Amino acid sequence: MSEPKLGLDPRVVAEARRLAAVAAAPVIELARTHTTVSVERATLRLAGLSGATDAAFSGEASEGGTQPWVNTVVEAVREQVGLERGVALPVWHALLSGGHADLHELAAKTAAGSVRFALPTGRDADRAARAARRAVATGLSQVDRRRAERDRMVQRLGDPPQPWIYLIVATGDIHEDIPQAQAAVREGADVVAVIRSTGQSLLDYVPEGATRTGFAGTYATQENFRLMRAALDDVSREVGRYVRLTNYASGLCMPEIAVLAGLERLDMMLNDCMYGIIFRDINPRRTFVDQRFSRMVHARAGIVINTGEDNYLTTADAVEAAHTVVVSQLLNERFAHEAGLADGQLGLGHAFEINPALPDSLRLELAHAQLVRELFPDAPLKYMPPTKHMTGNVFAGYLLDGFFNLVGAMTGQGILLVGMMTEGIVTPFLSDRDLALENVRYVLGAAGNLAEDFRPAPDGFVATRARQVLSEAVELLSRIAEDGLLPAIAEGTFGITKRPADGGKGLDGVVRHADGYYNPAVDLLEEGISR
Amino acid sequence: MTTVDDRTDRATGLRASAHDADNPRASARQKIVRPYGDTTGDGMVQLSFTLPVPNDSRAEGAALQLAGKMGLDPAMVVHAKGMGPSFTFFVVYGRVNHLVDLSTVEVVEREYPLLAAREVNLAIRQVLRRKLVVLGACIGTDAHTVGIDAILNVKGFAGEKGLEYYREIKVVNLGAQVLVPDLVARARAEKADAILVSQVVTQKDAHLHNTRELASAVRAASWPRPGRPLLVVGGPRFEPVAAAQLGVDRVFGRGTTPGEVASYLAYALRSGWDR
């Protein structure tokens, strides 16, 4: 996909990957030996349990104790028998022995308090396990069918060339988002991302139904996913290219959102290994357990994940912290590979956030972007536009976005998030989006193939800086490999925020496996089979 | 109207001498001004806007009509671009006939100045010589942590980083449904300088009752440091004028950003709050 230009020493690159694997190993072990309430709920969702005690509710209408059925059931199992062996055995044992018609009826009776869960043994356990596996396999074949459907549509409608133009909608109202998203596609977007409502990542349940009341974004719900995917399918046919839909598998419900994304054929999901920990104060153990499951689902669904390294540069200095981006990318890559994601599914994130007043800032950006390109030659890198140094001077901001687009073109980035000159000031006007796309089109048209002619001098500024960032990354990785990733996060290594392993939200939802833990979803995903 | 125009022309119009215009002392004395394009008193402005009309022969006229009603005379559409079938984007230059009377400009007085993060950090270092400890929570039955998290979490809100981002602020976020006695006990243990409470649920005025309960508990408790912690509440249904009535130091309403809260804390520190 790209040829080496920076003269990186392959032994240093290999050492960086080896250290990332060492640092990740204990965390992967943690994820393999623990479950969470959300992993268990996701398993029930794969088995077909959807809906809520109240047919439609969003985060703001949930004061009266309404909740999704999956929460009802998992909480009841947890209270009665614990989650150490998973929900599958007690739930399907109750289903088979209690005369309930299906999971929904079981959930309703659970809510009414008339279901006693117990852990089956012997033949009962085998029977329950088989039934659970069948039910979960049905959900996974739906995910498989959705993936095949995407492949067919991409082939029939055509795949836009990279870089994919990535635009955001965020009205809070799904019925307002849809026409905006369709307009964005007609203006040239290849990827539409629907930003979530502020704070959804901290809800320990997934809201239900079509929602119209988000704050600065729209709730991620299965119904909203379905509506938006259908609308984008329509406009994809109209413009003659397959338009990808993006949402967020992050926060406390990461595994469940991943399942819903797979069921509704979303194409890309924000899914970082550390974002929730650092920027949302979600417990590190919870995050790592949840993300392994969610990534296995993404791998199966053919979904491209987008990681969030760009965020580090909005809190820390983009030059000083450049190597932390590379470290996080290598960790994200390792966790992703372990969960079964292919290189083509790794939309590793980075950003154009260096202070433009700094001398040679453009050359520094080129060095960082080219370094990432060469470290991950087969990944569709996601390049994020400037946000920190967008001051409200929209004219200067427009120029800065132009330079961002230029660096994106010169370094062959795969996904280009379109920068808005009104970034951080107002919600983009229709005209801001149009101007931004004109900017992208001009730069890609004028300089799209400049990568071919971009040959940094072997010992010039760009190549030297790239090698320096890589060696700083190796240095930091070796420290993390020695001290452990959890302590490194606790010390504020990433994004300057300190997050102890036992702090943050959601720790009480983490449960260590006991002997005999059974989760058919994990088995089927790890084995990569469908029955 | 003509009188005002005449005065303007004397003060800022074309007849004003080049010497005066270049002299900052002279311009400081001016009371009436108008926009400056390339010549004193020309009144020239640029603006851009979108109308929900197709870019056809009527579009430019529509833009000129709006510009005229906005006081641009003459106005010139220098750019019109159709965006899809039903919208057109315009860039317009023109001369406005409006005048700005500097003597009647009212400065909206927030009691505190908005500071950048580094200025807040500096204020804390100068006054306290240690970190400022901020304890945050949703109290009572309120499970909606959206507000307090938007203010405290690094992620922040409206493009501003939360208080965790400030190097000189130590944030302890207790999350949802914290009981007032627990909050006070924790504030004592952490030697909190400020307590931030967010309330979203307003059924039966729960937010007001909870806030008063907190205020009296904080006043009744004994504190490890002189005085008591600063009490700040916020939420979409609070009236910022109600602070005294609720027994708290500051109330923030809907749309408050972390930077505003941090700036207020720095301001309160500098003015030596109730300690």
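# Exercises on a predicted two-chain model

The axes of helix H6 (residues 122-157) and helix H19 (residues 520-527), both of chain A, approach within 9 Å and cross at roughly 55°. This arrangement belongs to a predicted model, and the exercises below begin with it.

## Exercise 1. Helices H6 and H19 of chain A

Task: Determine how H6(A) is oriented to H19(A), state the hand of the crossing, and describe the residues in contact.

Solution. 

Step 1. The crossing angle is roughly 55°. Angles under 35 degrees would count as roughly parallel, and 65 to 115 as roughly perpendicular. H6(A) is therefore oblique to H19(A).

Step 2. The crossing of these two helices, H6(A) and H19(A), is right-handed.

Step 3. H6(A) contributes A:Ala132, A:Arg133, A:Val136, A:Ala137 and A:Leu140 to the contact, while H19(A) contributes A:Pro520, A:Ala521 and A:Leu524.

Step 4. Sorted by class, the contact of H6(A) with H19(A) holds seven nonpolar residues, no polar residues and one charged residue.

## Exercise 2. Two partners of helix H17 of chain A

Task: Describe how H17(A) is packed against H13(A) and against H1(A), giving the orientation in each case.

Solution. 

Step 1. Helix H13 (residues 322-338) and helix H17 (residues 461-483) of chain A have axes that come within 8 Å and cross at roughly 60°. H13(A) and H17(A) are therefore oblique to each other, and their crossing is right-handed.

Step 2. From H13(A), the contact takes A:Ala322, A:His323, A:Thr324, A:Val326, A:Val327 and A:Leu330; from H17(A), it takes A:Val469, A:Leu470, A:Glu472, A:Ala473, A:Leu476 and A:Leu477. The residues of this contact are nine nonpolar, two polar and one charged.

Step 3. For helix H1 (residues 10-32) of chain A and H17(A), the axes come within 9 Å and cross at roughly 30°. The cut-off for roughly parallel is an angle under 35 degrees, and H1(A) and H17(A) are therefore roughly parallel to each other. H1(A) passes H17(A) in a left-handed crossing.

Step 4. The H1(A) side of this contact consists of A:Val12, A:Glu15, A:Ala16, A:Leu19, A:Ala20, A:Val22 and A:Ala23. The H17(A) side consists of A:Leu470, A:Ser471, A:Ala473, A:Val474, A:Leu477, A:Ser478, A:Ile480 and A:Ala481. By class there are twelve nonpolar, two polar and one charged residues.

## Exercise 3. The five-stranded sheet of chain B

Task: Give the strand order of the five-stranded sheet in chain B and explain which strands stand at its edges.

Solution. 

Step 1. The sheet is open, with the order S7-S6-S8-S9-S10 and parallel pairing.

Step 2. Strand S7 (169-173) and strand S10 (250-252) of chain B each have a single partner strand, so one side of each is left without a neighbour in the sheet.

Step 3. On average, neighbouring strands of this sheet are turned by 20° against each other, direction ignored.

Step 4. Strand S6 (residues 132-138) of chain B is joined to S7(B) by five bridges. B:Gly136 has B:Asn173, in S7(B), as its bridge partner.

## Exercise 4. The three-stranded sheet of chain B

Task: Describe the three-stranded sheet of chain B and the helix that packs on it.

Solution. 

Step 1. This open sheet has the order S2-S4-S3, and the pairing is antiparallel.

Step 2. Strand S2 (44-51) and strand S3 (72-83) of chain B are the edge strands; each has a single partner strand, so one side of each lacks a neighbour in the sheet.

Step 3. S3(B) and strand S4 (residues 87-96) of chain B run antiparallel and are joined by nine bridges. B:Gly82 stands opposite B:Thr88 in S4(B).

Step 4. Helix H4 (residues 57-69) of chain B packs on the sheet and touches S2, S3 and S4 of chain B. The direction of H4 makes about 140° with that of S3(B).

## Exercise 5. The contact between the chains, and confidence

Task: Describe the contact between chains A and B and the confidence scores of the model.

Solution. 

Step 1. Chain A gives 21 residues to the contact, and chain B gives 21 residues.

Step 2. On chain A, helix H7 (174-186), helix H10 (275-280) and helix H16 (430-447) each supply at least two residues of the side that touches chain B. That side has seven nonpolar, seven polar and seven charged residues.

Step 3. The model scores ipTM 0.80 and pTM 0.85. Chain B averages a pLDDT of 84, with 86% of the residues scoring at least 70.

Step 4. Over residues 1-23 of chain B, pLDDT stays under 50.

Key:
Residues are numbered from 1 along each chain as its sequence is written. Chains are lettered from A and ligands numbered from 1 in the order in which they are written. This is a predicted model: local features need pLDDT of at least 70, side-chain atom pairs count only at pLDDT 80 or more; totals for chains, interfaces and linings use all residues. Two strands pair if DSSP finds at least two bridges between them. Helices (H or I, at least four residues) and strands (E, at least two) are DSSP runs, numbered from the N terminus. Axes are lines fitted to C-alpha atoms, for helices over the stretch in contact, and angles run from 0 to 180 degrees between N-to-C directions. Two residues are in contact if their C-beta atoms, placed from the backbone, lie within 7 Å. Ala, Val, Leu, Ile, Met, Phe, Trp, Tyr, Cys and Pro count as nonpolar, Asp, Glu, Lys and Arg as charged, and the others, Gly among them, as polar. Angles under 35 degrees count as roughly parallel, over 145 as roughly antiparallel, 65 to 115 as roughly perpendicular and the rest as oblique. A crossing is left-handed if the near helix is turned anticlockwise from the far one by less than a right angle, and right-handed if clockwise. pLDDT is the predictor's confidence in each residue, from 0 to 100.
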